[in-house]
Amino acid sequence: MIRERSLFTKGLIFLLIVFILNIPFPNSTPLSHSVFSFLGLPLYGDEETMTGIQYANNAWGIILLLGLFALYKSLNRHRLKLTILAAFIVISGPGHIVEAMQKTVLPGMYAISYDVENSICTFKRNKKETVLTGTCDLSFENHSSKPVTFEVALDERFYFKEDTPFLLMMNKPRLHTVTLEPKAYQTVEITSSVKTADFPSKIFMDEVNGFHVNIYQNGKKRYL
């Protein structure tokens, strides 16, 4: 079935590299982002808002294509089926492995996942428009069999810069402490208020969603 063993080995090495770089741990972003940051390489065209050209993802995609091409050319039977299967494993496998580890061996905040799609913040002014109050519903899942307590802060990076002050106000006057029950999906509410005179933005927003958070426990941090 293997026509050219050296090319087959190279293909597997490339795919293994992609598999490792695609692991979304300890942050929700792939490990390739941590590698780029460690090497001092830019992740995005605009680092402040995390938009533009995604250099890490592009590098990951190129290595994936090289691995799949080498694997395909090295086989003489079932080439297309095996290549598609390899692509499926490399792309979807890392996420399933992390989820399995969270349910079995990972402790504390490392067993926590964050549902960004179902989290939202709403903002309202009082009648005199002197105080701005934000209320955020944040959805987490604790995969472990023990309760987990951690601190949470909304991440300041966002696609639209005008949203950032609204997110940052939720981290004042201090970080919010959250406790999740074992093996549970929970939506927790956090609130924060600031005087409108002290608020840096003149733009008023009713709600913000699609944002990420940072969680902290025992001096360690995860970006989710």
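The briefing covers the whole chain, then single residues.

This is a predicted model: local features need pLDDT of at least 70, side-chain atom pairs count only at pLDDT 80 or more, and totals for chains, interfaces and linings use all residues. Residues are numbered from 1 along each chain as its sequence is written, and side-chain values use heavy atoms, with hydrogens and water left out.

**Overall form**
- The protein chain has 5 helices and 11 strands; these are DSSP runs, with helices as H or I of at least four residues and strands as E of at least two, numbered from the N terminus.
- Its radius of gyration is 22 Å, whereas a compact globule of 224 residues would have one near 17 Å. The radius is taken over C-alpha atoms, and the globule rule is 2.2 Å times the number of residues to the power 0.38.
- The C-alpha trace spans about 75 × 40 × 30 Å along its principal axes.

**Packing and surface**
- Of the 224 residues, 39% are buried. Buried means under 20% relative accessible area, exposed over 50%, and partly exposed in between (1.4 Å probe, protein chains only).
- Among contacts with a separation of 6 or more, 72% link residues 24 or more positions apart. A contact means heavy atoms within 4.5 Å.
- The chain exposes about 13,000 Å², and carbon and sulfur atoms supply 60% of that area. Areas come from the Shrake-Rupley method with a 1.4 Å probe; for residues, only the protein chains shown count as cover.

**Asp155**
- Asp155 sits in the loop between β6 (148–154) and α5 (164–169).
- Asp155 is buried, at 2% relative accessible area.
- Its side chain makes a polar contact with the side chain of Asn214 at 2.9 Å. Such a contact is a pair of N or O atoms within 3.5 Å; within protein, one must be able to donate a hydrogen and the other to accept it, and residues adjacent in sequence count only if both atoms are side-chain atoms.
- Leaving aside residues up to four places away in sequence, Asp155 touches Leu167, His212, Val213, Asn214 and Tyr223.

**Backbone geometry**
- Phe25 and Pro26 are joined by a cis peptide bond, with omega about 5°. Pro26 lies in the loop between α1 (5–21) and α2.
- Lys172 and Pro173 are also joined by a cis peptide bond, with omega about 0°. Pro173 lies in the loop between α5 and β7 (176–180).
- His78 is not a glycine, yet its phi is positive, about 55°. His78 is partly exposed, at 46% relative accessible area.
- Lys183 has a positive phi near 50°, in the loop between β7 and β8 (184–195).
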